[in-house]
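Hi everyone, thanks for making time for this.

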Amino acid sequence: MFLSIIYLILGLVLILVGANALTDGASSIARRMGISDLVVGLTVVAFGTSAPELAISLLSAIGGNSELAVGNVVGSNIFNVLMIIGITAMVVPIKITRSIMTNEIPLVILSSLALFIMASSPLLDGSSSAVITRVDGLLLLLFFAIFMRYTFAQAGSASPSDPAAENAASGPSMPVWRAVAYVAGGLAALIFGGDRFVAGASDIAKALGVSEAVIGLTIVATGTSLPELATSVTAALKGKTGIALGNVIGSNIFNIFLVLGASATVTPLPMGNVGSLDMTVLLGSAIMFWIFGWFFRQRTITRIEGTILTATYIGYIAALLW
């Protein structure tokens, strides 16, 4: 138990340090290449902070622990929207551009809806249990390929008057080698820190007799989402709301389309105890994200809305544990 607590603390320290380095390096690369912070968040940062989910879900799928693989992704995506966007908005209100509202956030809803439908097979076709099949996994990977094609097309469409291009013209904040080192070192710290955190937290949870599904939806999901939380809050405090938003949006899309797609392609994933409550909260949180951004205050997630998102997550965890 003592070693598990050490892993927990070490993981948190590495995650916080890595998030700060990753944000600085990615922002510098974005300025030098004339790429917006949003696109960097949707690709480099999102992939890096989703790496723990990818590693854990793939290894869980190969090891036959499907509930952990699915619960990790579902729980992480719920945490990303309700807690990360919620806490970030409580710290700094998040302004969202019209293009994000009409293009990127609907993709988060689409990915959640696709998984929701796959998990509803007992209701839709009368099957005995919900399973994400290899065919489902391949379809999710095709969705991921389309998303990446769209993202890079968006990156290449910036005009000379685009704010990203103007930002690049002002010059990078650090040399290229240092920016690359920051990104690589930050990603390494995030991945290793997330792994140590999950190892420690899982050992503690198992010692307390918590089920695999609950571990995946709570402890593991929270641990693998800590990189996104640290990166988004750090980016928001530095005024990089594009990275903060792109990180969450990209991570949620990566988690379902890439992580679950790759895991289910390796081996079919029975949903097990990941049930209707979890899938409803997953889809509902994505819709809340869109509603809070679009209505009430024009394209701004306020501190009050951030508090509502955070309180919703606390209520969900309470209901799950009960």
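Let's start with overall dimensions. The protein has 322 residues, and a compact globule of that length would have a radius of gyration near 20 Å; the value here is 19 Å, which agrees. That radius is taken over C-alpha atoms, and the globule rule is 2.2 Å times the number of residues to the power 0.38. Along the principal axes, the C-alpha atoms fill a box of roughly 60 × 45 × 40 Å.

Before going on, the ground rules. This is a predicted model, in which local features need pLDDT of at least 70 and side-chain atom pairs count only at pLDDT 80 or more, while totals for chains, interfaces and linings use all residues. Residues are numbered from 1 along each chain as its sequence is written, and side-chain values use heavy atoms, with hydrogens and water left out.

What about secondary structure? There are 12 helices and four strands. Those are DSSP runs numbered from the N terminus: H or I over at least four residues for helices, E over at least two for strands. As for burial, 53% of the 322 residues are buried. Buried here means under 20% relative accessible area, exposed is over 50%, and partly exposed is in between, with a 1.4 Å probe and protein chains only. Now contacts, meaning heavy atoms within 4.5 Å: among those between residues at least 6 apart in sequence, 84% join residues at least 24 apart.

On to the interior. A nonpolar core is a set of buried Ala, Val, Leu, Ile, Met, Phe, Trp, Tyr and Cys residues joined through side-chain atoms within 4.5 Å. Which residues touch the most other members of the largest one? They are Val 74, Ile 96, Ile 132 and Phe 289, out of 78 residues in that core. Its largest share, 13 residues, comes from helix α10, residues 241-266. There is also a second, separate core of six residues, including Leu 68 and Val 220. In soluble globular proteins, nonpolar side chains tend to be buried together.

Leaving out residues up to four places away in sequence, Val 74 touches Leu 115, Leu 217, Val 274, Asp 278, Met 279 and Leu 282. Is Asp 278 buried or exposed? At 3% relative accessibility, Asp 278 counts as buried. With the same exclusion of neighbours within four places, Asp 278 is in contact with Val 74, Ile 78, Leu 217, Asn 273, Tyr 316 and Leu 320.

Helix α11 itself covers residues 276-294, and its 19 residues reach 27 Å from first to last C-alpha, close to the 27 Å expected at 1.5 Å a residue. The expected span is 1.5 Å times one less than the number of residues. Phe 289 is among the buried residues of α11, along with Met 279 and Leu 282.

Now compare that with helix α4, residues 98-119. Its 22 residues reach 31 Å, close to the expected 32 Å. Where does α4 bend? The bend is at Glu 104, by about 25 degrees, and a proline, Pro 106, follows within four residues. The bend is the angle between axes fitted to the seven residues ending at a position and the seven starting there. Glu 104 is one of the buried residues of α4, and Leu 115 is another.

Back in α10, we find Gly 250, which is buried at 0% relative accessible area. Leaving aside neighbours within four places, Gly 250 is in contact with Leu 42 and Ala 46.

Last stop: charges. How many salt bridges does a search of the whole structure find? One, where a salt bridge is a side-chain nitrogen of Lys or Arg within 4 Å of a carboxyl oxygen of Asp or Glu. Asp 24 pairs with Lys 238, and the closest N and O atoms are 2.6 Å apart. The two are 214 residues apart, Asp 24 in helix α1 and Lys 238 in the loop between α9 and α10. Asp 24 counts as partly exposed at 23% relative accessibility, and Lys 238 is partly exposed too, at 37%.
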